[in-house]
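Me: Could you take me through this structure and tell me, term by term, what each label rests on?

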Amino acid sequence: MSHGLDPAYRRLHADATSLLEGWTAPTPGQDARRESFLAHLRAHPDAMAKQGPPAHLTASCLVLDPAGGHVLLTLHRKAHQWFQFGGHYEPGDASVLAAATREGREESGLPGLEVHPELVDLDRHTLVGSFGRCREHLDLRFAAVAERDGGHEVSAESLDVRWWPVDALPADAGEELPRLIAAARAALPVS
């Protein structure tokens, strides 16, 4: 590990490694992605920090309603696309799950949001637009359930936050969103 690296990022690195090593991926493609994330972590002690390599890990949270028929999405201010809630790790995050929970709460405006503790999906995507030195996100994805009348709010990172039927997503939604929704529905207690 790098001597100048904040100990919090070392702790998050260890947590991500443990989480990925213990995760049983639902498909061969997801297992291959899991292996590539582990290789990235081995190669980059600073892979959890936004200030680390241009390709670094992030955490996100997809929010479904209790019936699993609607998804709460954010219209990302920089990307101008609809996504689940998520972002970079911060030194105050106690774990990967805590980071996904923080991101979900901050960006949805749902302070009591409880995130399911198991990973549901992994995604690696190239960033387009004004993201500074960030070039790729290796996203560890979790899911949560919330009531549709829970009083969501738009954060400073969003242009809008809105519930969408899972079978009628907006045209400018992230292309991997249907896969993430299916994985979340399979992992969560939705009807």
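Reply: Happy to. A contact means heavy atoms within 4.5 Å. By that rule, and leaving out residues up to four places away in sequence, H80 touches L75, L159 and D172. This is a predicted model, in which local features need pLDDT of at least 70 and side-chain atom pairs count only at pLDDT 80 or more, while totals for chains, interfaces and linings use all residues. Residues are numbered from 1 along each chain as its sequence is written, and side-chain values use heavy atoms, with hydrogens and water left out.

Me: How do you know that H80 is in a loop, and what polar contact does its side chain make?

Reply: Helices (H or I, at least four residues) and strands (E, at least two) are DSSP runs, numbered from the N terminus. H80 falls between two such strands, β2 (70–76) and β3 (82–83). A polar contact is a pair of N or O atoms within 3.5 Å; within protein, one must be able to donate a hydrogen and the other to accept it, and residues adjacent in sequence count only if both atoms are side-chain atoms. The side chain of H80 reaches the backbone oxygen of R77 at 3.2 Å.

Me: Why is S155 called buried?

Reply: Buried means under 20% relative accessible area, exposed over 50%, and partly exposed in between (1.4 Å probe, protein chains only). S155 has 15% relative accessibility, so it counts as buried. S155 sits in the loop between β6 (136–145) and β7 (158–165), and its contacts beyond four places in sequence are R77, E106 and E107.

Me: And H70 and G92, buried or exposed?

Reply: H70 has a relative accessible area of 18%, so it is buried. G92 has 70%, so it is exposed. H70 belongs to strand β2, and its side chain makes a polar contact with the side chain of R148 at 3.3 Å. G92 lies in the loop between β4 (85–87) and α3.

Me: What makes the span of α1 close to the expected one?

Reply: The expected span of a helix is 1.5 Å times one less than its number of residues. Helix α1 (residues 7–22) has 16 residues, and its 23 Å from first C-alpha to last is close to the expected 22 Å. At the N-terminal end, D6 caps α1, with a side-chain oxygen 2.7 Å from the backbone nitrogen of A8. The buried residues of α1 are A8, Y9, L12, H13, A16, T17 and L20, and their cover includes α2 (28–43) and β1 (55–64).

Me: What makes a group of residues a nonpolar core?

Reply: The set must consist of buried Ala, Val, Leu, Ile, Met, Phe, Trp, Tyr and Cys residues joined through side-chain atoms within 4.5 Å. The largest such core has 36 residues, of which L20, M48, L57, V63, Y89 and L140 touch the most other members. Its largest share, 5 residues, comes from β1. Beyond four places in sequence, L57 touches A16, H40, L41, A47, M48, Y89, L138 and L140. A second, separate core of 18 residues includes V120, W164, L177 and L188.
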